[in-house]
Amino acid sequence: MAAEDGTAMRDASAPERRGKPLTVLELAPPPGHGGSERALHETAAALVRSGARVVIAAAETPSALRLRATGASLAALDLDTRSPLRIRSNARAVAALARAEGADLIHARSAAAAAAGLRAAEETGAAFVTTWSEPDEAGMLARPLFDALAAGAPVIAPSDHVAAHLREARGLGPDRVVTIPRGADMAGFAEEAVSPMRALRMAEALGLAEDARPLILSPGRIAPGKGRRLLVRALARLKAERGADFTAIIVGEGEGAQARLIEAEIAAARAGDVIRLAGPAADMPAALMLSALVVAPATEPQLSARILLEAQAMGRPVIAADHGAARESLRHGASGWLFPPGDEAALAAALSAALDLDESGRAHMAMAGRALVRSRFRLEDTIARTLEVYEAAASGARSAA
C-alpha cells in the first residue's frame, strides 16, 4: 500500500514499460470544469513521474497553461464545440497530433472532446479511453457527442452513480466500464499540513479573522443544480431558530447570473449577517481547516463528490443531499448526514445537529471520515488505477495492430 505522505505513490502508480515509454494524448475538458481539470493535472503529473510522455490538447487559458507544471507538453486546440464542422476539423487536428507524437492512447474527458478523439483514434489505431464527467444529454446536437463518450474502451466512471447510469441507460457491460472514484490527497488535506500562517491568511481572505463563530462552508462551482439557493433558505430558517450564532460562506467560481440569484436570495431572507458569497478559495485545505462543517446541498445528482472526501480527510463533518455520488461518499450518522434532496427543513435540521456536536462527537465523526477516505478514496489509489487502465488499453491496442 502506498504511503500517505505521497512518497510511495510515484513507484506504485508507474505503469509497466514494454519497450518504448507510454505516450498519452490527453484531450482536456472545457475551461471551468474544475474537478475534471484537477483530475487531468494529477494524472498528467503522475504519468510524467512514471516516465511516460504526455501531450495535452487544450484551449489556451490560464488554467490550461498551469498544466505545463506537470511536465506535459501542451498543444493549443479548443475542443469545446458541438458544431459538426468544427468537430471534423478537430478530429483531423487530433489525428495529426497523435501521429506526430506517436500516441499510444487518446483520453477524452468531455463529450465534445470524445467526438473528435474517437475519429482520431479510429484513424491512427491509438487506444481510446474516456471519462464520463458530465450529465448525459439526448438532444440532436448532443447525442453523437455522448455516443462517442460512451465508446471509450473502457469508459472511466468517477462514481458508482455514473457506472450505474452507463449500465442502465447506455447498456455498457462490466468489461466496458471501470469505476475509479475521485480521491483525496490525505497528505495535503490534513490538519497538520496547514500551518497557522496559512490558516490566518485564509481567515483574512474570507473576512473571518475577527469572527469566532463556527463556520459552515459550502465549496464548489456557482452553478444551477448545486443547491445554493436552497442552502440560503435553510440557513435563514436556522438563524430564525437559533439566532446568528454561526457564519456561512459559499466559495467557488462560476456563473455571474447564478451568483446574483444567490445574493438576491440572501437579501430577501435578511440573512446577510450570517451568509456570504465569496470567490474561489485559493487554499482549500486552509479553508476547510477553518470550517466547523462542510455542506454540499446539490438539487441535481452530482457525478463525483471530491470536496466531501477532502473535507472528511480534514476531519470535518459533512452534509449532503442523498443522491448521486454524495450517497457513496460519506457514512450517514458516522461521518456526516444525508438529507432528502430539496428538503429545506431537513437540511436546516442537519445543520443544527452538526453545530450542536460536542467535542467527543466531532472527534468520532472526524475518525470515521478519515477512515472512509483512507479505505476507499485515496488519491494515490485513484491515480494508480487510472494508469493501470491506460497501460492495459494501450497494450490491447498494440496487440490488435
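**Cavities and a helix crossing in a predicted model**

Good morning. The second largest cavity in this structure has a volume of about 50 Å³. The model is predicted, so to speak of its limits: local features need pLDDT of at least 70, side-chain atom pairs count only at pLDDT 80 or more, and totals for chains, interfaces and linings use all residues. Residues are numbered from 1 along each chain as its sequence is written, and side-chain values use heavy atoms, with hydrogens and water left out.

A cavity here is a set of points on a 1 Å grid over the protein atoms alone where a 1.4 Å probe fits but cannot get out, and lining residues have an atom within 4 Å of a point. Volume is the space filled by probe spheres set on the points, which are joined across faces, edges and corners.

The lining of the second largest cavity includes P158, S159, R182 and F377. By class it has 6 nonpolar (Ala, Val, Leu, Ile, Met, Phe, Trp, Tyr, Cys, Pro), 2 charged (Asp, Glu, Lys, Arg) and 3 polar residues (the others, Gly among them).

The largest cavity holds about 170 Å³. Of its 17 lining residues, A39, R109, R182, T382 and T386 are the closest to its centre. The lining divides into 7 nonpolar, 6 polar and 4 charged residues.

Turning to the helices (DSSP runs of H or I, at least four residues): α9 (residues 228-242) and α13 (residues 344-355) pack at about 60 degrees, with axes, fitted to C-alpha atoms over the stretch in contact, 8 Å apart; angles run from 0 to 180 degrees between N-to-C directions.

Technical notes. 1 Å grid on protein atoms, 1.4 Å probe; cavity = no way out; pocket = protein on both sides within 12 Å on 5 of 7 lines; lining within 4 Å. Helix = DSSP H or I, 4+ residues; strand = E, 2+ residues; numbered from the N terminus.
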